[in-house]
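Please read the numbered points alongside the sequence and the structure.

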Amino acid sequence: MEEIQSQSENYRSSSSSASSPASRVPSSNFFYLRKPGSLRQPISFEDSPEWGDTDVDARVEEGGDSINAAITPVSPSLSKLNSGSLPSPPLPEGAAVARKIAGASVVWKDLTVTIKGKRKYSDKVVKSSNGYALPGTMTVIMGPAKSGKSTLLRAIAGRLHHSAKIYGEVFVNGAKTHMPYGSYGFVDRETTLIGSLTVREYLYYSALLQLPGFFCQKKSVVEEAIHAMSLGDYANKLIGGHCYMKGLHSGERRRVSIARELVMRPRILFIDEPLYHLDSVSALLMMVTLKKLASTGGTLIFTLYQSSTEVFGLFDRICLLSNGNTLFFGETLACLQHFSNAGFPCPIMQSPSDHFLRAINTDFDRIIAMCKNWQDDNGDFSSVNMDTAVAIRTLEATYKSSADAAAVETMIPRLTEKEGPVLKSKGNASNATRIAVLTWRSLLIMSREWKYYWLRLILYMLLTLCIGTVFSGLGHSLSSVVTRVAAIFVFVSFTSLLSIAGVPALMKEIKIYASEESNQHSGALVFLFGQLLSSIPFLFLISISSSLVFYFLIGLRDEFSLLMYFVLNFFMCLLVNEGLMLAVTSLWQNIFWSVLTLVTIHVVMMLAAGYFRIRNELPRPVWSYPLSYIAFHTYSIQGLLENEYLGTNFAVGQVRTISGFQALHSAYDISPSSNSKWENLLILFLMAVGYRILVLVLLHFHVRKNVSLCSLCQCNRNSTT
């Protein structure tokens, strides 16, 4: 205890310019939405905002220029500060009537989360956390990196990883129930957006995926979400830009990701790091927008690492974490009093959030070790001359015995003793509707993504043209058989290898699926059917254009039925290859390793396809069984050769003739049966189906659980070091 007191005294002396908590009440730098001098009173379900499934109107009191949020009990330390709170900025004209959201109270009691191997010394990521969030308010979970902010947020929302174990209780409207679909929204730290769509298009397709009902009803919901997040000026702008057009900046992108969840009109909104990668202006605009959203009655809970003074003044409550321990929970301005009571008053020229993180971030100890012998123009580095471990212990001990902790302990039973309305699911779109929406959306993306789709089509045409001109003018003599076999092998192998250029596009689709599936906007089977149906027109366009160029340049048999089989065979080959790429991309979830794996697989399949050495003569342990049977090149090339040479004859001298099967016998292994080419086509179809089933399994177990070979290899490497 003497050590704690001495450290506190040192910090007091180093912060001689710090003022008392009352004088630290901000002036015009704070947008604190509260009437001047108003005190918050205890809340109950009788005097809380009206509960109901339908939206009602919320009226701003006459003569007032601020919005009254949900009211909570006041700790003694806060009563002195409330009298100094200033009115909020004037509301814009026409804001007398705003759309009301029936929020919900959220309470977490003795919440502990353990994740094996997450911490170096303890598996407890969050330790006995208590708190609550009320309708019409913003509750922020703040702390340094790896303090348990995101874990606590996910624990409250019921979205923890399967490896995590949760202890304690979470109440919603006083009941221990799981929040149903549509009653809450969750925005991850990084959300994958579709850059080739406009903001309005992206939100409209999201509404079609999420909401049941007619299309016309969803347009109004989308417009409300655009208005709520102040995206009206960007509604018709492409998210990621196109050609020479710039896309949205990080601030607008972040608001689009939040607007995607608002189309469900959730009662509770969870946001992980809403200010992630935002500058100070974008951060202030984001928080003012969220404050406006909370003023309509919704319950907002989000995590934050750091904020400016202006942003800090917008919060209603703060939960301060360090190493999973709760150092404070209560009114935002009361946190200043708490630090002052613990012996760490905030300097008058320093942002409160910077001061909080300075006191509880153990990384600053490294700076102290580096700078303890240095001096600047003003003397020693006294502003960093504080042991954070001592500060954390002091703050934790002070909070446990404070009136703020007692207020939380008193508030939790009041919010949980009586159950409010049970949150109901708003229903979701049918799987058939979702498949149709995903198919149409993917077709629209393909028509705009020239780099991943139209450029691939041009490359296919150029490659086919090169192969066709190299092997042109072969004729139909017996001596041309071996060269034509080589041409067909090169055509099938090289075009399949060129398909690897589509890996970045598939990676984007998988990331979009993972983002939408985490919020139950899509499913593995829905995504698989949508991706398949949307890729069929593009693959068929490639197959028919490339086949026509190759077929006539090589001079294959001039029959329409044979040409149609060639097109169909090549289309099935591309479909199988697309499934293979999708499976490998789902497995790795990394472009570099996916491309490297696919190139290796294609090279091995080309070696085992039976061209360099006839299939019957391949070494049986590996190359013949199973590689030659797994390689789709084998069945595609075999079917194309059977389509070209079965039923033909070649003259040997002036009297003798041999069949096409005999002519091919020494160059490639084919079957003499007239139906064998259709059997090869059936095998290709079954392989395409098999790869899709494999993708379905990978999407369910790997992408859904956010597990990939890259992450597994990284974990294994970290565990061995």
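1. In this predicted model, the axes of helix α16 (residues 481-498) and helix α19 (residues 560-588) come within 10 Å and cross at roughly 35°. Helices are DSSP runs of H or I with at least four residues, numbered from the N terminus; axes are lines fitted to C-alpha atoms over the stretch in contact, with angles from 0 to 180 degrees between N-to-C directions. The crossing of α16 with α19 is right-handed, that is, the near helix is turned clockwise from the far one by less than a right angle.

2. On the α16 side, F491, V492, T495 and S496 meet F566, F570, C573 and N577 of α19, where contact means heavy atoms within 4.5 Å. This contact comprises five nonpolar, three polar and no charged residues. Ala, Val, Leu, Ile, Met, Phe, Trp, Tyr, Cys and Pro count as nonpolar, Asp, Glu, Lys and Arg as charged, and the others, Gly among them, as polar.

3. Helix α9 (residues 334-341) and helix α12 (residues 388-400) have axes that come within 9 Å and cross at roughly 115°; the two are therefore roughly perpendicular (65 to 115 degrees). Their crossing is right-handed. H338, F339 and N341 in α9 meet L395, T398 and Y399 in α12, a contact of three nonpolar, three polar and no charged residues.

4. Residues are numbered from 1 along each chain as its sequence is written. Local features need pLDDT of at least 70, side-chain atom pairs count only at pLDDT 80 or more, and totals for chains, interfaces and linings use all residues, while side-chain values use heavy atoms, leaving out hydrogens and water.

How values were computed
Angles under 35 degrees count as roughly parallel, over 145 as roughly antiparallel, 65 to 115 as roughly perpendicular and the rest as oblique.
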